Amino acid sequence: MLQVRRLRGGDAGAYQALRLAGLRLHPDAFGSSWEEEADRPLATTAEALEANYVAGCERDGALIGIAGLRRATSVKTRHRGVIWGIYVDPAARGLGVGERLIAAVIEQARGQVEDLLLTVSAHNATAISLYRRFGFEDYGLDHRSLKIGDGYVDELLMKLDLRPA
Ligand SMILES: CC(C)(COP(=O)(O)OP(=O)(O)OC[C@H]1O[C@@H](n2cnc3c(N)ncnc32)[C@H](O)[C@@H]1OP(=O)(O)O)[C@@H](O)C(=O)NCCC(=O)NCCS
């Protein structure tokens, strides 16, 4: 059975293990890298989970998917939020976990921010089609957004308008 809930400080171990697995397996899907996060103390991760909204999806009590919401803080940009760090364990893909996580973050963001932004590797067709299903629209293409070794990754910029109709 799948259950989505907000992760808290006590979930830091499970969260960090899943996040590191994602960074290792899909270096081109995230702005951060395994090397940068592998030694992060659990206490730092626990603090971040208390301070920010991160949704987790569990199957039979095991964490299998994660997605975060970051809200801008300055006066002129705090009407915007960013959805980041979306990752589903390979053994649990295609079951709607990603869909539930995005839905949870959108629900959390609605009423708090007017625009929800994200960036996604331009070649990540699965993720892009998932975001489009929720109404995210492309607003730009960032060439050479990530540099991994000698290679570059272009990223698609997507936005969802959350203002009430
Ligand atoms: C992108 C990612 C998060 C999607 O997670 P997921 O849990 O597999 O997503 P969903 O199951 O909700 O949807 C993915 C696909 O499964 C299909 N699907 C959803 N529910 C389904 C079901 N019950 N039965 C069969 N297929 C289903 C969807 O139609 C979708 O297919 P499509 O790409 O052809 O449209 C996951 O592939 C992942 O972690 N990838 C690596 C990291 C990454 O790319 N993160 C995004 C960074 S921006």
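Modeller: Happy to! Let's begin with a term: a polar contact is a pair of N or O atoms within 3.5 Å; within protein, one must be able to donate a hydrogen and the other to accept it, and residues adjacent in sequence count only if both atoms are side-chain atoms. A polar side-chain atom of R133 lies 3.3 Å from an oxygen atom of the ligand. The backbone takes part too: an N or O backbone atom of V88 is 2.8 Å from a ligand oxygen atom, and G96 has a backbone N or O atom 2.8 Å from an oxygen atom of the ligand. The protein covers 70% of the 940 Å² of accessible area that the ligand has on its own (areas come from the Shrake-Rupley method with a 1.4 Å probe; for residues, only the protein chains shown count as cover).

A word on the source: this is a predicted model, where local features need pLDDT of at least 70 and side-chain atom pairs count only at pLDDT 80 or more, while totals for chains, interfaces and linings use all residues. Residues are numbered from 1 along each chain as its sequence is written, and side-chain values use heavy atoms, with hydrogens and water left out.

Now for the shell. There are 22 residues around the ligand, and I86, G94, G96, G98 and N124 come nearest (a residue is near a molecule or strand if one of its heavy atoms lies within 4 Å of it). At least two shell residues come from each of β4 (80–88), α4 (97–109), β5 (115–121) and α5 (125–133); helices (H or I, at least four residues) and strands (E, at least two) are DSSP runs, numbered from the N terminus. The largest share, 6 residues, belongs to α5.

Finally, the space itself. The ligand takes up the largest pocket; a molecule sits in a cavity or pocket if more than half of its atoms lie within 2 Å of its grid points. On a 1 Å grid over the protein atoms alone, a cavity is a set of points where a 1.4 Å probe fits but cannot get out, and a pocket is an open set with protein on both sides within 12 Å along at least five of seven lines; lining residues have an atom within 4 Å of a point. The lining of the largest pocket has 47 residues, with F30, G85, I86, Y87 and Y131 nearest its centre. Here β4 gives the largest share, 7 residues.
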